[in-house]
Amino acid sequence: MNDTIAAISTSLGVGAISIIRISGNEAVEIVNKIVKNKNINSLKTHTINYNHIVEGDKIIDEVLISLMKGPKSFTTEDVIEINAHGGIATTNKILQLLLQNGCRLATPGEFTKRAYLNGRIDLMQAEGIMDLINSKTDKMRDLAISQVGGNISQMIKDIRKKIIEVLANIEVNIDYPEYEDIEVLTNEQLFPKLNHIELKIEAILKNSENSRLIKEGIDTCIIGKPNVGKSSLLNKLLNEEKAIVTDIAGTTRDIVEGTIIIEGIIFNIIDTAGIRKTSDLVESIGVKKSIDLIDKSDLVLFVLNNNEELTQEEEEILSKLKDKNYIIVVNKIDLETKLNLKDYDLKNMISISTINNQGIEDLKNKIKEIYNLEQIETTDVTYLTNARSIALLNEALKAVKTAKSSIQDNIPIDMVEIDIKEAWSKLGEIIGQNYSEELIDQLFSQFCLGK
């Protein structure tokens with residue numbers, strides 16, 4: 001990290017401005033070589049200054065230069081941002097001049113990586129920055145901001161501090177066995193403390209179940225036999241004519257996808273091929289995909305015809321849905337009722353008419369109820385947000401539980417200490433206190449260039 005890096009930090013194309021970012025010990029010196037007023041060294045930090053980018057005597061662009069001297073910068077190094085006029089040719093020319101005068105082109109995420117390696121942010125905050133860039137809803141943004149601000153990292157640090165206190169008690173006992181009775185230490189001090197740590201970790205994991213809903217959305221499939229109104233329901237939910245609607249059975253032969261947002265949560269909705277026995281090869285492939293999606297989806301909207309009796313295929317699907325989040329959607333309530341569901345649990349049933357636009361809001365409200373979306377709205381968004389962190393926290397929890405069992409089985413205290421240290425280490429991996437080079441390189445490679 002001794003070299004100075006540069007990259008374009010805004011989307012490349014026509015626009016009002018583009019930003020070229022430079023970071024490193026030679027940032028000021030290099031930029032001074034390509035500006036008309038060569039006064040960068042004398043400028044005050046955290047100021048914006050008017051200048052021109054030049055190549056010899058030729059003016060390339062009229063720019064504003066932001067100077068942030070280390071360590072009070074994002075990377076803790078000297079950072080300069082050149083605010084140029086937007087445009088591919090001008091932006092690339094400025095970057096070219098920087099590279100010719102001593103900068104190296106930054107790799108994806110390298111500015112954020114330097115901020116992490118220089119101690120400006122921890123690993124969870126770095127992941128929060130990536131989530132903030134990719135946010136698609138207000139809830140996703142709030143979740144990312146909480147992570148960037150260090151709120152979630154602090155929770156992990158507090159638990160690690162509690163574990164250090166436990167380890168300190170053990171070390172004192174091992175080094176000075178006459179200092180405290182071993183039985184008193186394990187039964188009256190360590191076990192309650194480990195129990196408290198276990199409850200803290202479990203609470204974070206429980207709350208983090210909501211983070212997947214916020215970050216990844218809820219995969220929702222619409223299933224049913226042909227001509228029950230699946231495609232019409234998709235169109236009504238999306239408020240657009242996404243799927244083709246006809247009276248011809250088997251019109252939808254492959255999946256059709258769309259996205260809606262309910263209470264700040266993304267629902268990835270899939271309209272599937274009608275489920276029926278068919279000799280048509282293409283349609284049969286679509287039917288198989290539909291059945292497979294039942295197991296893969298988070299939520300199933302099972303559409304039935306109000307004016308038709310249940311078929312054997314529909315009864316089989318109803319039995320398959322018992323262990324799933326599902327809603328029975330009875331369509332065509334404007335027609336005569338022939339459907340009989342008295343033998344089924346109807347607590348998650350909604351009646352609609354897509355042709356008259358009836359019941360669509362009731363369906364959305366039922367979805368809110370099933371996923372308790374209003375509760376997600378009011379709770380504090382301090383969750384773990386990615387699979388890596390959650391997996392490590394589960395490993396830490398397992399180590400704490402093993403330590404508790406060992407205490408109950410009267411295992412020697414120095415053996416119990418091994419599991420407690422394992423929990424402390426796994427928590428450290430979450431925030432990047434201990435890490436592998438391979439992990440860091442892989443994580444930051446997912447960032448966009450210039451971030």
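The paragraphs below go through the sheet, selected helices, salt bridges and a surface patch of this predicted model.

Local features need pLDDT of at least 70 and side-chain atom pairs count only at pLDDT 80 or more, while totals for chains, interfaces and linings use all residues. Residues are numbered from 1 along each chain as its sequence is written, and side-chain values use heavy atoms, with hydrogens and water left out.

An open sheet of 6 strands has the order E3-E4-E5-E2-E1-E6, with mixed pairing. Its edge strands, E3 and E6, each pair on one side only. Strands (E, at least two residues) and helices (H or I, at least four) are DSSP runs numbered from the N terminus, and two strands pair if DSSP finds at least two bridges between them.

Strand E1 (residues 5–8) pairs with E2 (residues 17–23) in the antiparallel sense over 4 bridges, and with E6 (residues 104–105) in the parallel sense over 2 bridges. Ile5 has Ser23 as its bridge partner in E2 and Arg104 as its bridge partner in E6. In a regular strand the side chains alternate between the two faces of the sheet. In E1 both faces are covered: Ile5 and Ala7 are buried on one side, Ala6 and Ile8 on the other. Here buried means under 20% relative accessible area, exposed over 50%, and partly exposed in between (1.4 Å probe, protein chains only).

His52 stands opposite Glu62 in E4. Strand E3 (residues 47–55) also holds Ile48, which counts as exposed because its relative accessibility is 59%. Ile48, Tyr50 and Leu64 form a nonpolar surface patch with about 320 Å² of accessible area together. Patches are made of residues with over 30% relative accessible area and no salt bridge, joined within 9 Å for like charges and within 5 Å for nonpolar side chains (Val, Leu, Ile, Met, Phe, Trp, Tyr); the areas come from the Shrake-Rupley method with a 1.4 Å probe, and for residues only the protein chains shown count as cover.

In helix H11 (residues 312–320), the buried residues are Glu314, Ile317 and Leu318. They lie on the same side of H11 because they cover an arc of only 105° around the axis, the arc being that of the directions from the helix axis to the C-beta atoms.

Salt bridges (a side-chain nitrogen of Lys or Arg within 4 Å of a carboxyl oxygen of Asp or Glu) come to 19 by this rule. One of them joins Glu110 and Arg114 at 3.6 Å, N to O. Both residues lie in helix H3 (residues 110–117), 4 residues apart, about one turn of the helix, and both are buried. Another links Lys404 and Glu198, with the closest N and O atoms 2.4 Å apart. Lys404 lies in helix H14 (residues 387–408) and Glu198 in helix H7 (residues 182–207), so this pair ties together parts 206 residues apart in sequence. Lys404 is buried at 12% relative accessibility, and Glu198 is buried at 9%.

In helix H15, Glu422 and Lys426 are 4 residues apart, about one turn, and their side chains meet in a salt bridge of 3.8 Å, N to O. Glu422 is partly exposed at 36% relative accessibility, whereas Lys426 is buried at 15%. Salt bridges with shared partners join Asp3, Glu77, Arg104, Glu110 and Arg114 into one network.
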